[in-house]
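This report describes a pocket and a sheet in the structure shown below.

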Amino acid sequence: MRFNPLPPDFDLTQARADLRRLVALFRPYRSWMLWGAVAALLTLLANVALMATSGWFIAQMALVGLVGAAMDYFTPAAFIRGMAITRTAGRYIERLVTHEATFRLLQALRVWFYQSLEPLAPARLQELRSADLSSRILSDIDALNHLYLRVLVPVGVALIGGTLIVAMMAFFSLRVAASTLLFLLLAGVAVPLLTFRLGHEPGRRLVAQRAELRSVVVDGLQGLGELRLYGGTTQQAQRIGTLTDAMIAEQRRLSRATGLSQGLLGLAANLAMWSTLLLAIPLVHAADLTPAQLPMLALFVLASFEAAMPLPLALQMLGETLAAARRVFAILDARPQIEEPADLPVPRWEGAELVVDGLRLRYPGASADAAWALDGLSLSLRPGERVALVGPSGAGKSSLIAVLLRFWDYQAGSVRIGGHDLRAWPGEALRGHIAVVSQDTYLFNTTIRDNLMLAKPDATQEEVIAACKAAQLHDFITALPEGYETWVGEAGMRLSGGQARRVAIARALLRNAPLLILDEPTEGLDALTERDLLRDIATLMAGRTVLLITHRLAALPAAVDRVLVMESGRVVEEGAPAELLARPQGAFRALHDAL
């Protein structure tokens, strides 16, 4: 039966594939990485040379003093000082260059991850919790970054440095070189493999537990009000405590593996030194080596194990890095819900009429007998027309928006914009003509200006001010001490709900898209703020093609030209607001009376 030094559950083929992918991502920064490794190698060699030369110099000076002879001590003293300076400078340069490379890699990894993630949103990401996704962006990407600093540099330096050290040792004695090589292999191969075998499974579990703990803590903080209301804080705290205890247990296992490896490394280094002494003493006796070369070789061998010291930690970090890589690649290997040809031409939008005919949509994963989210939906929206889409929750209103934005593909029917089929539009180009104010307004933790200019990065100050005036927001912003440079806080927490919603509306107006979709723009607002915002929205919609989705029906007569009532994925009633309200048995009247 063959002995496998790797962990039983370690997939070597998958690990090689993941490592190749990671190294390919590092390729643009290979010069920084190479110079960092060179600085680390020079530091190692300078330290070995310093220790060996110091041992020889001290012994030679003692021997010369015993016999009263003279010697040139300036040259070796200068060499020792030079090696000390080289070691110190090399250590500083190594830290400087490797950390610069590390930060550049970290930036590149996060940008790469986001760019790869964007085509998957929102369809392929809806099963992930936001905290879990955040964990993959932050802690897992950080773990990938350890591959260079904690794995590639130590392994590369150990291979090259160990080879040079053994070759130099062979210049004095082949036996000593062979002994040193044996113990270096034990310290640099056998001990790290043992550590990897012991630490792989705890490291893999620790990565998953760390992500789970982050998700549980974030979910608990975000839902703290509901937990208090329903008495769930104790259970949530117990869950966090259980995960914490599990993480501590895994960290304890990793610490034991690390302690064992360090002990074995120290043992190997000392055995190598004693072996060198036992092999070199007869050579001194036979005059093949000078007496001063004996301590030189002993310290040479002892210092050479600095090359092997980081290797157990390197393989331990490799296990955590590969586990993090699997979590990252598991997302990025998913295929986008809608895949488009790269060279898809962009149709013209000018004067485009939106026509939906017999549209049917069922979300992936639903059973064959499940209800359709959109079931034969037909409607039209003429240029400049303002249409309200109303209906109970689950009627299919949000599903229609997802189809129009090319987030989900439909199974039957057609959607045409300006006579062109929706599938003929590249997704990015299509979304460039549509501005959406969703019910979940998200503001980034930056300034008001930066949040606005996400819609149009090259917007002028005049355009920004005009959009804010139209959204009835400019006076509020100018009254702030820092004006447009005011930071809004995490998720816009420094603004009220109405102010945050107005920022989202101003952002949509700044985009100046031909089609404006307002998805529950007053959701979650108090009655007074809702009334003011609806009044301003009615003004903003004048002259624009607008699709308004709302549960609030009171302001519709003054805000829109037509109302479409949806039920069970199709339009069941259509007409002017006043006309529909006058029908005593109509679906719109029933919705109105139920409010």
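## The second largest pocket

Helix α5 gives the most to the lining of the second largest pocket, with eight residues. The model is predicted: local features need pLDDT of at least 70 and side-chain atom pairs count only at pLDDT 80 or more, while totals for chains, interfaces and linings use all residues. Residues are numbered from 1 along each chain as its sequence is written, and side-chain values use heavy atoms, without hydrogens and water.

At least two lining residues come from each of α1 (12–26), α4 (130–172), α5 (174–222) and α9 (311–332); helices (H or I, at least four residues) and strands (E, at least two) are DSSP runs numbered from the N terminus. The pocket holds about 570 Å³ of space. Its lining comprises 29 residues, of which V155, L159, G188, V189 and L311 are the closest to the centre. By class, 24 are nonpolar, four polar and one charged.

## Pocket terms

On a 1 Å grid over the protein atoms alone, a pocket is an open set of points where a 1.4 Å probe fits, with protein on both sides within 12 Å along at least five of seven lines; lining residues have an atom within 4 Å of a point. Points are joined across faces, edges and corners, and the volume is the space filled by probe spheres set on them. Ala, Val, Leu, Ile, Met, Phe, Trp, Tyr, Cys and Pro count as nonpolar, Asp, Glu, Lys and Arg as charged, and the others, Gly among them, as polar.

## The sheet

An open sheet of mixed pairing contains six strands in the order β6-β7-β8-β3-β9-β10; two strands pair if DSSP finds at least two bridges between them. Strands β3 (residues 386–390) and β8 (residues 545–549) run parallel and are joined by four bridges.
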